[in-house]
Amino acid sequence: MFQIISLAVIIAVALVLFINGRIAVDVTGLLVLSALALTGLVSTTEALAGFSSPAVITVIGMFILSAGLTRTGLAYRLGQPLQRLAKSRENVGIVALMFTAGALSALINTTTVAAIMLPAAMELSRRSGRPPSRLLMPMALGCLLGGPFTGISTPSNILATEALSSAGLSPFGLFDFTPITAVLLLAGTIFVVLVGKYLLPKSGERNNAERQGTPEAAYHLSTHLFTAQIRPDSKLVGRTLAESRLGSALYLTVVGLRRRGKLLLSPGPDEILREKDVLIVHGHEHHLRYLRGNHHLMAEESQDEAQRIFQELVVVGAVVPENSPLLSLNLEESNLRRKYRAHLLALRDAAEKTIQPHGRRPFAPGDRLFLQGRRQDLDRLVADGLVGPLCVLEADKAVPEHTMLLPMRVPDSSVLVDKNIAESRLGNALALTIIGIVRSGDFLFMPLAEEILRRDDLLILQGDKDDLEILEGLQELVLQAPSADLAAELESQQAGVTEVLLSPRTNLAERTLGDLLFREHYGLNVLAIWRKGSVLRTRLPSVPLQFGDALLVYGPRRNLEAVARDPDFLVLDRESTRTPLVKKAPLAAFIMAMVLLSAISGLVPIAIAALTGAAMMVLGGCLSMDQAYRAIEWKVIFLVASMLPLGIAVQNTGAAQIASEVLISTVGALGPRWVVAALFLVTAIGTQVIPTSALVVLMAPIALNAAQSLSISPHLLMMTIAIAAASSYASPLSHPAHLLIMGPGGYRFMDYVKIGVPLTILVMILSVWLLPVFWPV
């Protein structure tokens, strides 16, 4: 009696700790193991047997096999059909996951199905924008509901069949379990869709809280993504992304492109834009809104003012001398426009080679500058020693071909009113130069970037005639409402986002991304810079880098790998840079197939098959041993190994048999359905804490004796035991499938109880009703 009381106290305290959640579940498991051993309820060998249990070894092997499937991209391919449901309603995704998992569980071990489906379900979660907690538990329940489909699909079915044979009775056939299992899978799915989903963690608060440390959350990536569609008749059609000037001018980055139902991630600057393309853009949406509409700038037909300003300006050629203050400075640093009101039209080096683009390159001795401005301003360049003697050129020969003068009026309703020239983005956005402003009859030549635009200003713009077509195309972009799942769509096998720090040993501090030609060199887009607790998103190419800066970069994973190898940078999440080993996918598929065939055929125990398959994954190069260790959820392993001795203690003390016999003797006189209900209830409760196989072995003699004593069909009661033993819905400890999803889904103990208890009650009611119909008394 003392042993039974001690066991009851240990179980009660463990349940309180599990439900409370303040102590980690694996620590609680170790406390249970210690208490069982210290009270003598189990021997030392029995207490430690869990760490060599086939269940524990199976879970370890499945973690590694799942990682191998993910690392080779095979899990992504297996889940591709499900990804088509990413845009569907949540109910559709739940139904698809549960039916798929249930169907696979008919032939494959339930734990294996959960391991295979886990990466696919996580991918569906990411692409749909729904937290994993909304999908992983329905997937696990689908595995468990569909598990008993055939006579060989679960250990409980196999043991129930063996128990009948050992008693000299006809065993169950392969598909004797199918009718009741099909009904339960259908009913369980309907329950989860109509009721169960409301019992799951709401809106993924727990998952979101755990993700606060991720780059996507820290940089608020999803809130700075929007889409814009290109009209069929747009002037942008046929132009490249670089020519659209969305990036260099408006500080917007096109991170993706939808075209005819296909998604192109991280398109390059040479990508040709097509009609009806939908651009996925990162940045501040208002930068694009400044250029939209038809009344921000209005073309003027008269060229009189434009010609007058143009005639006041001259074009000269001048050479940079050896001792010029311009040496080692680029165009922005030189202050040619600010101090001398001079506009650089073109730049050639000492070998007469034209430099393009000329804005970033530092000036060198012998460089020839082609400058435009008023003569008195340009003469000051010579006086200050910046350039040598001026050579006045004919304007029509010096100004680039196709250059035009474009007089544009700023109307009263324009968004450009009261903004300075730099904020208007006119120069960068259209490659136009404002060479003059006519305001109330006065002429302002070569205005500075800080000049405030006023109502009715006439801007004299100089540039290529194609620039207006680009402006028109930008104005006609159709902005679309942002979607919550845009950030999720950016991640794939081939492209990803990660955070990069400057290495302590780098010499890149104080240099800009533009100086480094970061985009051109690495083929990656820098979306933002984290600096001293704030996020920088605009003018990134011209921001000098500092120690402590973190760059949020996006692009092809092979390019992320190149950055990871560069000693000037530190990649925080090295796993995000790894490109799937697609060439190893056939090998991973073969290994997984061999594991499954070995387990299904019974040639090799599933624990040995899983462990052998895991070793072959590493040996075959599908993943490294370090990656295999990281793939194992050690919290789950310690929890399972620590709790298995509890089942041994329940058997050793005789507590389970005493309780079951008392219950059967109590309801035996009430009729067969009451006996079925009592057996189901005891088995369903027991399966939450006792390993399924041990429970079936324990309950089978009781069921057979009750059938003989009460003249009830033994097949009815053994089927009840098998189905009830598979009803492991209400505890994360009841089945490895629950433990596999506990970490990724962010579930707590009570999450399983909330949805598992009512589901168990539903399954029990249906079983008590239907089993006597399928197996008459």
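This is a predicted model: local features need pLDDT of at least 70, side-chain atom pairs count only at pLDDT 80 or more; totals for chains, interfaces and linings use all residues.

Reader: Noted. So at what angle do α7 and α11 pack?

Author: Helix α7 (residues 90–105) and helix α11 (residues 178–194) pack at about 155°, and their axes are 10 Å apart. The two helices are therefore roughly antiparallel to each other.

Reader: And is the crossing of α7 and α11 left-handed or right-handed?

Author: Right-handed.

Reader: Which residues make the contact?

Author: From α7 you have Asn 91, Ile 94, Val 95, Met 98, Phe 99 and Gly 102. The α11 side brings Leu 185, Leu 186, Gly 188, Thr 189, Val 192 and Val 193.

Reader: How do the residues of that contact divide into nonpolar, polar and charged?

Author: There are 8 nonpolar and 4 polar residues, with no charged ones.

Reader: Which strands does β8 pair with?

Author: Strand β6 (residues 314–319) pairs with β8 in the antiparallel sense over 6 bridges. Strand β7 (residues 343–348) also pairs with β8 in the antiparallel sense, over 5 bridges.

Reader: Which residue of β8 is the bridge partner of Gly 317, and what does His 343 stand opposite?

Author: Gly 317 has Phe 370 as its bridge partner in β8, while His 343 stands opposite Gln 372 of that strand.

Conventions. Residues are numbered from 1 along each chain as its sequence is written. Side-chain values use heavy atoms; hydrogens and water are left out. Axes are lines fitted to C-alpha atoms, for helices over the stretch in contact, and angles run from 0 to 180 degrees between N-to-C directions. Helices (H or I, at least four residues) and strands (E, at least two) are DSSP runs, numbered from the N terminus. Angles under 35 degrees count as roughly parallel, over 145 as roughly antiparallel, 65 to 115 as roughly perpendicular and the rest as oblique. A crossing is left-handed if the near helix is turned anticlockwise from the far one by less than a right angle, and right-handed if clockwise. Contact means heavy atoms within 4.5 Å. Ala, Val, Leu, Ile, Met, Phe, Trp, Tyr, Cys and Pro count as nonpolar, Asp, Glu, Lys and Arg as charged, and the others, Gly among them, as polar. Two strands pair if DSSP finds at least two bridges between them.
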